[in-house]
Structure formats: C-alpha cells, structure tokens
Amino acid sequence: MAKAVCLNGYKRPAGAAAEAGERPAARKRRKADGGGRGPEEKSSRLSAALFGEDCEINHDQLYELLKYAALGNCHNATQPSWCRIYHQSHLAGVVVIVLHETSQLHFYKFYLQFKHLRKVFRHRFTLSSSTNFLASLYGEGANLKPQNTAQGLNSTSSECVPKSSKLQCDPILRKYGEKKRGLTSYTLTLEEQEKNDYPIKGSPGCKGYIYTECDQQRTDSSPLFGLDCEMCLTEKGNEVTRVSLVDAQGQCLLNELVKPESTVVNYRTRFSGITKKMLLPVKTRLPDIQTRLKKMLPHDAVLVGHSLNADLQALEMIHPSVIDTSLLFARNEGRRFKLKFLAKAVLGKEIQCEQKLGHDPAEDARAALELAQFFIEQGPAKVAELNLEMLLTAEKLAEVSQNKTVLQPRQRRVQKQLNEPPCSSKPCFLDCLQMTGQKPLLLGRQELDSSGLCQSNLSTSNKQILQRALEDVPLSTFSIIQFSLGPEYVASHLLAGLCEKVRSKLTDMLTIYAGPFEKSFCLKSVKKEFGRCGPIQSLTVVTETYQPYVCIQYEVLEAAQLAVESLNGAEVAGSCIKVQRPVTAAMLDCDVLIKELELDVENEGVIYVAGLKKSLTEADLQEEFSQLQDLETLFLPKDLQSGKCRNCCFLKFQKSQSAVDALKVINGWTVKGSKLRSRNALASGHLWRWIWQMNHSNEKQGGNILCEKMEQPSDSEQDLRKEVKKLDHHIKKLYRSLQDNTLCVVLFPGVNSMHGSQSGLGLMGIKDDGGRSAC
C-alpha cells in the first residue's frame, strides 16, 4: 500500500518533541484574563497525513496522542508518531466522545444522518476494534470497578447495588455469562485452539505429531486430567524433560523424567528443577511418553492445563479437547494471570514456592485441574466476585512496599516456557493526569468515583449524559463522554444486515452501465476509454438486451463518477452511448450522497487525478505536479493484494482555492503521452482503503439495471436511523459548548460479533473560532 508523499516543505511528524509548557498554568492565565484567547495568544493546531496505510491507527497510537495532548512533555509524554499538535500548551482542554456499539460501518451507513460530524472534523482514521476500549485509552493501570448508579446520576454508593449489576464489566462474565455450565462449555473450540497456537490435526506445522485418538464425543461428565511439563533448552529448541499427569481426584498417574533427543544447552534448573545429574541415568525418551499417555487417556478425556498449548507442542501430541486455565480466567486485552497467583487467590494454595528448586509439574498440573473444577462447580459469577484484578494489584503493591527492587525482576523472571505474555503495562493515564492536578471527567456507561476508579452506570440515557456534559466538561481539562446506541440496535443479525446493505450499495456506486453499442463493437477500445477514468475491477458484456451494453465496476468512487460525468453522451467505439449507474431502491439517493461526499470537510482541498500511465513513479509525478501552487501531499494508491500502482492519484492542497485552480489546469493535461482527467475527491483518505476492502470481500459483480423490489427498512433500522440523528444532534450541541482551542476526538470503537468484526473510526480536530476543527 502506497504511503503519502509530502511536498513543498510539508513533513509528516516523526515523533519529535514539540514546545514544552504546562497547559493547566496557561489555562489559569487565560481565565484570569477573562477566559478567552488574547490577540497575541497562539492557536493550537493539529496536523496529520492520513492517507493509505497511514490512516490505520491502533489504540497505542491513540493513547499516545491523548497523553501528549493532556500532559505535554510531562511524564515522558512525547509528540505522537502519526500526527502533530502545534502549541500544545495553549490547548483549552481535551474532550473524547465515545459512541459505544458503533463502527466505521455505522458512520457510512448513516452518513447523511451524521450531518454535524462530517462537516466539522477534517481528520479521520480507521481504528482497530478493542474488547476493552476504555482500558486501552487509560492504560492498564485503570481498574474497572463495576457499580450500578441507578439511584441517581451523582451516586457512587455501592451498599444497595445487586451483585449481578456490580459485575457487568468483568471480562469473565462478558465471555461466559453468569449461569453455571457444564465442562463442555469451557473446552476450547477449534478456532480458539488455532488462535492460541495449539497443535491441530492436519496442520502443516504438526507433521509427525502423535494424535491421542480420543475422538469420543465429550459430555459434561467426561473425565478431566491435569497435564504439565517442564522443558529444557536444547539445540533443537524446547524439549520435554519431565511430564506429570493427574486424574480428577488429584492422584498422580504419571510423573516421569524424559531424556531429550538433542544436546541440552540450558537446563533452566531455576524453573524446571532439572539438573544434568538427574537426567544422566534416564532412559525414557519422548516416544515412550507419547505411547504411555495415549494408552492412559480414555477416548473422551479432557486435558486441563495452564497455557497447555506449550506442553502439547513440546510433547509433539495433538489432543482435540482441552481446557486452558490461562484463558478460562480471562483478563482484559488478552492478558493472562499466572498459575501461581490463581492458585493462591482462588484455591488458597501456595505453589512454585521460592524455597523449592524449580517447579513441580505434578503440583502445577493439580493446581490447574482444581482451578478448572472450581470454575465449573462454582460458575462464572462466583469467580467474578473474587475480583482477581484488584487482588493482583493489591499483591503487587504489597510486594513493592516490602521491597521496591523485587517487583520488576520478578515480572521478567517468572515466565515459564508456556505462552504467558509478559506483563508490560502502560502507566495509568488517570494517575498521570491527577498528579498534574487535572481531574479527569468520565461520563456515560462508566464513570469515575471519588477514588478514581471506573464504575458502571447503565441506567443513564444519552440525554442525561449530554446535560451532565454541558455542565461538567467546562470544569475539566480532560473529559471522556460516552454515548450509546443501545444493545437493541446492534444485535448481531441487524449488524450483519447493515453490513450487507452497505457492501451492496458500495458495489452499485462503483458500477456503471454503458451502451448501447453495435453488435460488432471493439471491447478493447471501450475498456481503454473507460480505463482513463480510473482503475477497473471488472468489465462484462450484457447480452440480455437488444443491443449490447457493458457493465464496468471500478475500484474507486471517483472513477465511476468521472465516467458518468465525462462519457455520458460521448461517442465510444463508434456509438453515442449513455452512461448510468444501476437503478435500485438503495441508489435513489446516490446523487445526494455523492454531493455530500464532495462537500465533506475531509475532502476539502483534495482532487482526484486519473489517466496516469502505470509506469509512472512517485518521483515522476512529483516532478510533473511540482508547478501546482500550494500542493501539500501526493497519494499514489496501490492494489492492496498485488502492490501494483493504480492509474490514479490524489493531490491534497494547502488551500481550497488552489485545488479549484489545479482542476482547471489538469483536465486535459498530457503527462508522458497520457491525457489526464480529474475531479473533486470523494474518498481520498481512510475511506478509500475501507471501500477497497468492502468491495473485494464481495463476490457480487456489477449492479442490477432493473428496479428492485422496494423493500421497506425494518422497524429496528428506522429506529436506529432516528437514534443516529439524535446522537449527531447531541454531539453538535456538546461541540458548540466547547471552548475554542479544545482538542475534540470522536470515536466509533468498532464492533465484534459472531458475524465478524467491524473496524472502528476516529474523527479529530481542534475547535477554532468558527466552531470548526482547525487543521
């Protein structure tokens, strides 16, 4: 995917630190002077080149932006690597608006309804979806403390709150629900095994692995067996040196040393407990253990272990039914608790004691087994009540208070060869803000109590949240306001329906029909003429009509629109043709949508140029377009699969009038023997990439020239459209209330469902005097 090339002195930010300054102090001075910006005071400015692959932003990068915006150069905050804030110290505040249960799909499905958002925010980016969105903003230090505040908006009391409501945010309950279930509900699916690097029967990496042949259907009464291995590092890699298997009663069925096939490089005695002396008399080899395990396990056996994938990989064995306690006791963001902590917190048992030399695999296997049994017998709700995350924090704080030098080495050290990721936590955003005297504001589904922890607030309506925000945002330097469409509007079946409708409409907007042609027309000349408008994905001849027509599906919206505008009524291949889009119910507002995309603030000062020779390089284009005044960025798209250049590009100008002037010059301009065509951009930034992905995920080719049956939108979709309009109005009202020089970021976090995930969308800008985001 091509990156944007920046011209005329415009440079993408490279993470360099900007001007220092304590924003709170600057704000106090402003308030003392009357609250507004003085004539000599600088305005903050936001700059970003969000084209191509640069428009995809992850949560670490978003965290980077918000931290710098809020803290400046304090607490190791630096300029974000993907954008730049000029005069950060003059920011009046930072406001993040989160629209829960929404994605990029929702924004473009209801693009016309989001009238305020598309006219205000110039910078947009695709955002990777997250299972715990707020935690990714605050950093791992932000503890989520579930609490219901149905008694009132300002209530933080938890004395008379039902337990089920208090635990709404727990990742275990989000994954499994509250009801008790049988053991089969907790065995890993094939997809989960693949995701977590379990050996899978028939996969290329498992050639030569031994299959346990335990193929009998599992039931909730199938026997559980705990398994754990210790490994040494050899010339081959990790090899098993000890294997333990325990049954459901905790009886040890197997506890055997194993001699590695290759020369041992590191016995890892500190963790494995294995020494060279111990292995000298050992005759047992890995095939012996494989045979014994295969004989010992009944055909419906369920293996239990902590990060069991590493044990099975070392054993070179495949077993179809497993419970992994590192995944069972789920944490946010895919992190995992260590076995030692779980044994103590859940079972009240001390394992892997410091006094012992290495781990005892039988002890670890038994602990994992008992953890699984506890989870199954007590149910997810009981496990969630243990509040493991808070217990872990308390344990770490206790360790630090006893010996401040112990904590970090231990985090690095106690990483068994199992797949437990290291605990690389980011500093808590809340703590950093509060240390500088800034009290963050969090309104909506989760709010901050007096101790700075998050509490659930499920009873609050969007209207109530707006009223609170209008009152409280001016008093805070950093605010997160959460609105919600409500779960009834994002049911998986409705989401799947929206996705299909958007994909279908995009396909129709990218498709044009041209004709009629003579029966003996030259298809090659038609393809050449229409190819000058932009990259063609498919071209087919329609023969169902009296005279032949051609159906062309383009890869970019601008190409299809350019074909309609420039070739309708033109003579092509010896025929005077008509060019039009498919006529469907969904396409009746196509002209309105195209017009609004043209007026979209993101496309301001951006033009589309087609008809380029594919042999032209970025250097060639820079040279050709260098005479254009105020040219800022050149973006040359490439095919996301093949990497080949397309025959089009986007030009971004510093001034809108410069883009208008360039259009007059470029149309009809010849570059290296190729005649150019151009028009205003419709989908120049992140939308270009998203359309490509949506278009290529659809097998449908072309649209339907005949008028489809006019299907009325479902009641739920009509209600959703009304809800979106209300939401846009709420954001408009809140945005207008913000002080000038406030950084405002609107986030559609993305949606994960059984029908697949939808990426999120971010919109950002700094409010200027005119009420619009400044660039």
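Reader: Why is Leu761 called buried?

Author: Its relative accessible area in this predicted model is 0%. You will find Leu761 in strand β34, which spans residues 760–767.

Reader: Which residue is 636 residues apart from Leu761 in sequence, and how many Å apart are they in space?

Author: That is Phe125, and the two C-alpha atoms are 5.8 Å apart.

Reader: What makes Pro287 partly exposed?

Author: Pro287 has a relative accessible area of 43%. Buried needs under 20% and exposed needs over 50%, so Pro287 falls in between and is called partly exposed. Pro287 lies in helix α11, residues 286–296. Its C-alpha atom is separated by 9.0 Å from that of Leu315, 28 residues apart along the chain.

Reader: How many of the protein's residues are buried, as a percentage?

Author: Buried residues make up 55% of the 775 residues. The secondary structure comes to 28 helices and 35 strands.

Reader: What makes β19 a largely enclosed strand?

Author: Five of the five residues of β19 are buried, so the rest of the structure largely encloses this strand. Both of its faces are covered, with Thr511, Tyr513 and Gly515 on one side and Ile512 and Ala514 on the other.

Reader: What is the order of the strands in the open sheet of four strands?

Author: The order is β20-β21-β19-β24, with antiparallel pairing. From one strand to the next, the twist averages 20°.

Reader: Why are β20 and β24 called edge strands?

Author: Each of them pairs on one side only. For β20, the pairing with β21 (residues 549–554) runs over six bridges in the antiparallel sense. Within it, Ile536 has Tyr554 of β21 as its bridge partner. Helix α22, residues 523–531, lies across β19, β20, β21 and β24, at about 140° to β20.

Reader: Why are the buried residues of α25 said to be on the same side?

Author: The buried residues of helix α25 (residues 618–625) are Leu621, Glu624 and Phe625. They cover an arc of only 85° around the axis, which puts them on the same side of α25. What covers them includes β25, β26, β27, α26 and β28.

Reader: What makes β25 a largely enclosed strand?

Author: Five of the five residues of β25 are buried, so β25 is largely enclosed by the rest of the structure. Val606, Tyr608 and Ala610 are on one side, and Ile607 and Val609 are on the other. β25 pairs antiparallel with β27 over five bridges, where Ala610 has Cys648 as its partner. Four bridges also join β25 to β30, again antiparallel, and there Tyr608 stands opposite Arg679.

Reader: Which residues have the most contacts inside the largest nonpolar core?

Author: They are Ile97, Phe107, Leu117, Ile481, Phe483, Val746 and Phe748, in a core of 50 residues. Helix α28 (residues 715–737) gives the most to this core, with six residues. Phe483 touches a number of residues, including Ile97, Leu466, Leu727 and Ile731. There is also a second, separate core of 32 residues, with Leu46, Ala48, Trp82 and Val98 among them.

Key
Residues numbered from 1 in each chain as written. Predicted model: local features only at pLDDT ≥ 70, side-chain atom pairs only at ≥ 80, totals over all residues. Heavy atoms only, no water. Core = buried A, V, L, I, M, F, W, Y, C linked by side-chain atoms within 4.5 Å. Buried < 20%, exposed > 50% of the residue type's maximum accessible area, 1.4 Å probe, protein only. Helix = DSSP H or I, 4+ residues; strand = E, 2+ residues; numbered from the N terminus. Contact = heavy atoms within 4.5 Å. Pairing = 2+ DSSP bridges. Axes fitted to C-alpha atoms, helices over the stretch in contact; angles between N-to-C directions. Arc of directions from axis to C-beta. Lists of a residue's contacts leave out its neighbours within four places in sequence.
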